[in-house]
Amino acid sequence: MGEKGKKGKTMSKSPSAAKEHKEQLERLQKKDPEFYQYLQQYGKDLLTFDDEDEDFDDDAEVDMEDAENQLDDETYQHDIPEEEEKPSKNVLTTEMVNSWCKSIREDEKLSAVHSIMKAFRTACHYGDDTGTDSSAKFAVMSSSVFNKIMLFTLSEMDRILRKLLKLPASGGKKETIIELMNTKQWKNYNHLVKSYLGNALHVLNQMTDTKMISFTLRRLQYSSVFLAAFPSLLRKYIKVALHFWGTGGDALPVVSFLFLRDLCVRLGSDCLDECFRGIYKAYVLNCHFVNASKLQHIQFLANCVIELVRVDLPTAYQHAFVFIRQLAMLLRDALNMKTKEAYRKVYEWKFINCLELWTGAICTYSSEADFRPLAYPLTQIISGVARLVPTARYFPLRLRCVKMLNRISAATGTFIPVSMLLLDMLEMKELNRPPTGGVGKAVDLRTTLKASKPILKTRAFQEACVLSVVEELAEHLAQWSYSVAFFELSFIPAVRLRSFCKCTKVERFRKEMRHLIRKIEANDEFTNERRASVTFLPNDNAATSFLEDEKKMGTSPLSQYVTTLRQRAQQRNDSMMESSVLVGEKSAVFGKKLDQIPDSDEEDDIKNDDGATIFNSSWLPGGDSRANLPKEEEKKKKKKKNKKKGMEQDEGVGDDEDVVEDLVLSSDEDEDEEDTAEEDGNEEQLGGSRQQNKKQKPKNLSNK
């Protein structure tokens, strides 16, 4: 009581001391005008002393925690009777929180804001090992009090801070915060902003419920513009959001991505580079393995990366160029070294998924001058990957590469010769001879890169490969079915297809090829009839408008045939996916998930209902949190980290942070190591015995 009494006396004397200080300055101006002029030039802070400074002097000069502690002492004096002060000093009750919330809503008291922020800090750090920290005023709270504090602070603090700082009710850019940092309001209240964002980040790392994390991130998104003033907090928020984006469930990946995108839009260059590098690395880390249940989730992640590229295409081009160049370096090493380990760095899921990602980006922004130049180097890389090891076991990978090339060709309107890649497959003995391994299980080529030898001899694998060859070849020819040179373009493929029909001993394959040949011949007649009446030369610009109306309507025989093939392929894929895909079933389409997120106006209307539903449990920080993982999980993470070694820079890369880790070999081929020791003649170039390969660790690329 003695110390508090002294505080009350000093606070009562502060107005008179201010008046005396003003009078002294006036007397000084009369007695010594030269010295007063000197103070005006070099000590303006000593002369600027007005009534507002009297009110906010403590907030501007003292540290954030000291200011909160001081106002907390005042709050206890007003809200807690003296008789109950000692026993309830460390107990935070619902009545106290309700009184603060009422004071903020009705009277807008600054002391109540400081009190609720102190309670918010205690709630976020509840359960931490604080030891004998005297600054921790509140040490005991119930789950209902925690829920009430979190709900009120997350729902109202953005509005309160914007009102104190005299900012618009929503929105804002980096330039707004930079201008604000030079104002008096920022000096008085920046510690409240930092406390709010810092403590919210701390509790995000403790939360385990995805709905609770999603609600917290959605509310923090409104205040994300303030992170422009705190670069260290900004980097931590990007890291946390990227983690939730890659590993979260339900709507959390979408909420995290929208948070990241909002940061990039509002803060611009301050976080664009870090977000581009971080989201690409997170994508690579999440596409090590592909199976039926993870296929659509990887597609969703790729769609998010492509959407983030839209924010700033020139900046994204620089990063995309570096990342595509890294893929080219790995392919070059495989072509030069010709070792099994070098081949494996190319023929793994991470490498192929990265090619898929940049194929999607280039197809999406093919009309943009900033991104279109990347189409040529990416096409060269994909073609090199398809021809790297030309054996039947890598038919699934080759078909995947052909599909990417067809997408790039359709998006850019550029002719890419993929027919030879497909026709060479038909001439291999594995697709010409009747199967010797029985019927076999259905093969999903979308989740397979390399087929084992037993699968290679089954009827199911042969059918999947031949049908895919027909579909991709028809897709390629249909893209140019309206070209004036279609007859010359389709001549060699038609000849080789007829040769396959004569050589193959499988009747169902012969029937499929004859059907395709008839469609090619019908399309030849379709184009030849119309080009017989043209008067322009092949090199005239008028050739580009040949059959333009028919192309818009899709009336060529091959276009109609491809439509039928697409429906058949979709039915085949659905039949294989319906029983295996349960997780991430709706995460492939980016637009669908975006529709589930309400607009800002709608969210303001329902935020209290959602928050009350979410923060209505007995959970408290410090219990089962993400920060306190079991020892077994920590050991597993350490083992995974040890496997991910081998990161190295590519030559000529200027920025160290731009270099993504080398695409280390995944374990998707472990089962193939147990196959029989015999290899095809073309596969002998892989070299090295299987036993040595099991003991051998991935090596880093040497700096050239």
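Modeller: Start with handedness, and keep in mind that this model is predicted. Helix 8 and helix 10 pass each other in a left-handed crossing.

Biologist: Which residues of helix 8 and helix 10 make the contact?

Modeller: Helix 8 supplies M150, T153, L154, M157, L161 and L164. From helix 10 come Q185, Y189, L192, V193, Y196 and V203. By class, this contact has 10 nonpolar, 2 polar and no charged residues.

Biologist: How should I read the spacing of such residues along a helix?

Modeller: An α-helix has 3.6 residues a turn, so residues three or four places apart point the same way.

Biologist: And what describes a packed pair of helices?

Modeller: The angle between the two axes and the distance between them. Here, the axes of helix 8 (residues 143-164) and helix 10 (residues 184-204) come within 11 Å and cross at roughly 155°. Angles over 145 degrees count as roughly antiparallel, so helix 8 is roughly antiparallel to helix 10.

Biologist: Give me another pair. At what angle do helix 20 and helix 21 cross?

Modeller: At roughly 155°, with the axes coming within 10 Å. Helix 20 covers residues 395-412 and helix 21 covers residues 419-426. Helix 20 is therefore roughly antiparallel to helix 21. Their crossing is left-handed.

Biologist: Which residues meet between helix 20 and helix 21?

Modeller: On helix 20, F395, R398, L399, V402 and L405. On helix 21, L421, L422, D424 and M425. The division by class is 7 nonpolar, no polar and 2 charged.

Biologist: Now helix 14 and helix 16. Is their crossing left-handed or right-handed?

Modeller: Right-handed. The axes of helix 14 and helix 16 come within 10 Å and cross at roughly 40°. D273, F276, R277 and Y280 of helix 14 touch T315, A316, H319 and F323 of helix 16. This contact holds 4 nonpolar, 2 polar and 2 charged residues.

Biologist: Take one residue from that contact. Is T315 buried or exposed?

Modeller: Buried, because its relative accessibility is 16% and the cut-off for buried is under 20%. T315 lies in helix 16. Beyond its neighbours within four places in sequence, T315 is in contact with D273 and F276.

Biologist: How do I check the length of helix 14?

Modeller: Compare its span with the expected one. Helix 14 (residues 269-285) has 17 residues and reaches 25 Å from first C-alpha to last, close to the 24 Å expected at 1.5 Å a residue.

Biologist: Which residues of helix 14 are buried, and what covers them?

Modeller: The buried residues are C271, L272, C275, F276, R277, G278, I279, Y280, A282, Y283 and V284. Their cover includes helix 12 (231-247), helix 13 (252-267), helix 15 (295-309), helix 16 (313-337) and helix 18 (349-364).

Biologist: Finally, the whole chain. How many helices and strands are there?

Modeller: The protein chain has 32 helices and 0 strands. Of its 704 residues, 48% are buried. Among contacts with a separation of 6 or more, 77% join residues 24 or more positions apart.

Terms used. Residues are numbered from 1 along each chain as its sequence is written. This is a predicted model: local features need pLDDT of at least 70, side-chain atom pairs count only at pLDDT 80 or more; totals for chains, interfaces and linings use all residues. Side-chain values use heavy atoms; hydrogens and water are left out. Axes are lines fitted to C-alpha atoms, for helices over the stretch in contact, and angles run from 0 to 180 degrees between N-to-C directions. Helices (H or I, at least four residues) and strands (E, at least two) are DSSP runs, numbered from the N terminus. Angles under 35 degrees count as roughly parallel, over 145 as roughly antiparallel, 65 to 115 as roughly perpendicular and the rest as oblique. A crossing is left-handed if the near helix is turned anticlockwise from the far one by less than a right angle, and right-handed if clockwise. Contact means heavy atoms within 4.5 Å. Ala, Val, Leu, Ile, Met, Phe, Trp, Tyr, Cys and Pro count as nonpolar, Asp, Glu, Lys and Arg as charged, and the others, Gly among them, as polar. The expected span of a helix is 1.5 Å times one less than its number of residues. Buried means under 20% relative accessible area, exposed over 50%, partly exposed in between (1.4 Å probe, protein chains only).
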